[in-house]
Amino acid sequence: MDILKRSTQVLIVGAGPTGLLAAIELVKRGISCIIIEKKEERSPFSKALGLHARTLETLELMGLADLFLEKGYPVTGSRLHFGIGKPSKLDFSQLDTPFPYVLVLPQYDTEEILENHLEQLGVEVERHSELIDLEINSEGALAVVNRNGHREQIQANYVLSCDGAHSKVREILKVPFEGNKENMIFFLADAKIKQFNSKGYMNVFMANRGMLFLLPFKNHYTRVIAVDLAKQNRPHSSELSLQELQDSVNNIAPGITLADPVWLSQFGTSHRLVPNYRHGNVFFIGDAAHIHNPAGGQGMNLGLQDVLNLVWKLEFVIKGYSHDSILNTYHEERHFIASQVISATSKMMHVVTLPSPILKRARRIVGKSATSLNAIKNFAVKGLTELKFNYRHSSQAINHYDKRLRKNALQAGDRVPDAYLFSGHSPQLNLFSILKQHPFTCFIYANHINDSNFDQAKKVSKQFQNEFGDLVRTYYILQNGAPSRDENLSTLIDVKNELQKKIGLTDGSIIVFRQDGIVAFHQKHIDLEQCSEKLRFWMLQRSLG
Ligand SMILES: Cc1cc2nc3c(=O)[nH]c(=O)nc-3n(C[C@H](O)[C@H](O)[C@H](O)COP(=O)(O)OP(=O)(O)OC[C@H]3O[C@@H](n4cnc5c(N)ncnc54)[C@H](O)[C@@H]3O)c2cc1C
């Protein structure tokens, strides 16, 4: 029998959250893709329960955040109970982000939203289609797929391995998944809770016996995760009963009763990372690239942000706007972030499992004081919500660093915060809504308009337009004063001085933002040739002809 052969620009293996989001973003950008999934149906388990602030920011920049906001609910903080005194509070509501909360949404809802949206864009997940072989070739890779019991071949220019922790792509390509088992046993339940009012917060209980985490999510159900230090020798394969979990809860946080579980599970954890996120034209994304313990609920969030880092670069290379080499920045930027998360989540677990009574006492003291110190609190909150991550470690960011900028100014590789701006057309304009419109956005800042700085801004705008066409849009930003009505250069006004305060823009400075909310570069003074050179890292000259 003839084997069916098809071809596509991008083959996505796996329709979990990362594969689905990647498919949406590629289709929106006019890239052809096929998404295959070995299972017939989506997983019914709640798994990842929260979208963090940074994930929501990036989804907002891609025009997708509303889809999730409609279905989830915001949790604005957490309460840490150390068994003595009042619980300590971690408050997200003061964070400088349009999303100062964790958006609680079970993973089955997240996947349903994504899959429905993908269908609206005209692409269906090809279910019951399992990747069984993959061969790298000169045009990308040739995949062999078992689809409903029949073999077929798919030739793809690029393959996205979104096939989870037990990635088949990794196995076929013999890419190691480096790391260790953590030797920790976690208990999990989605259950109803009695005799405890979470007041809509995440609650974490730390006791000598271990740790308990509670997060209310949907239909009066609460996610319960427990680490019971007295039960770490249970065989990994044993079934967890409600009685067993209740016994652990009684010992960690007495007085809380669990009932009507819809999911009970026991799982072990590992910390693992692929050494390189890129293997030829194959890219590892999400759990296929990194796994770690569930502390802080970071796994799916990291994967979704991986996608948003990669897709626009893939679009640029496929459409001929950029050299293939920009695809290497995906590994450089994202691998480091995953290694930081792995390090942070394993440290969190070390705190839970400190062995001796003295260290346990220290944990409580440190815990109490840590949560009462604002600086440490901010650090913890920014880490949890992933707002503190940046790509300053990447070679591009290091090369584009400008030491003349003031200390707290944003540099290449930094996350861009949202900011309020005034434009004649739309008084309620915010920075994110501007960044959505073009792949790169350039701001030239002036305290007051004068002929010299306005002419210079026009020169920059013209040069970027000539070299990069519509890929870069330039704005002239005034701290205050009357805007110019020049047709070729839009003016915005920094009425609240937010660009000065949050980003560090000053009279005569220039900044270019990437569409994924990252600073491409920031210079204290305009040197047109140097600025163009920095942009040429990301784009070929006259790419639009
Ligand atoms: C109990 C639990 C709680 C969690 N809590 C959180 C949390 O609070 N916050 C958070 O951010 N993360 C959390 N996570 C992690 C989160 O669930 C994962 O990080 C996320 O599912 C990873 O998404 P993914 O798309 O990379 O992989 P997956 O969701 O694993 O999807 C991979 C897909 O690929 C398919 N596939 C595999 N092999 C093939 C093949 N050969 N051919 C075709 N298809 C294939 C699979 O069937 C699957 O559908 C939790 C996980 C668990 C288990």
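I began with Asn219, which counts as exposed because its relative accessibility is 57% (exposed means over 50% relative accessible area, buried under 20%, partly exposed in between; 1.4 Å probe, protein chains only). Asn219 has a positive phi of about 50 degrees although it is not a glycine. I located Asn219 in the loop between strand S14 (210-218) and strand S15 (221-228); helices (H or I, at least four residues) and strands (E, at least two) are DSSP runs, numbered from the N terminus.

I noted that this is a predicted model, in which local features need pLDDT of at least 70 and side-chain atom pairs count only at pLDDT 80 or more, while totals for chains, interfaces and linings use all residues. Residues are numbered from 1 along each chain as its sequence is written, and side-chain values use heavy atoms, with hydrogens and water left out.

I then turned to Asn183, also not a glycine, and read a positive phi of about 55 degrees. Asn183 lies in strand S12 (residues 178-194) and is exposed, with a relative accessible area of 59%.

I searched the whole structure for aromatic pairs and found 17. Rings of Phe, Tyr and Trp (its six-membered ring) pair if their centres lie within 6.5 Å; planes under 30 degrees apart count as stacked, over 60 as edge-to-face and the rest as tilted. Phe99 and Tyr101 form an edge-to-face pair, 6.4 Å centre to centre with 85 degrees between the planes. Both Phe99 and Tyr101 are buried.

I looked next at Tyr277 and Tyr330, whose pair is tilted because the ring centres are 5.4 Å apart and the planes stand at 55 degrees. This pair links distant parts of the chain, 53 residues apart: Tyr277 is in the loop between strand S16 (257-273) and strand S17 (278-279), and Tyr330 is in helix H8 (residues 328-352). Tyr277 counts as buried at 0% relative accessibility; Tyr330 counts as buried, also at 0%.

I recorded one aromatic cluster formed by Trp312, Phe316, Tyr321, Phe440, Phe537 and Trp538.

I checked for charges over rings (NZ of Lys or CZ of Arg within 6 Å of the ring centre and within 35 degrees of the ring normal). Arg79 lies over the face of Tyr201, at 3.6 Å from the ring centre. The charged end of Lys496 sits over the ring of Tyr420, 4.8 Å from its centre.
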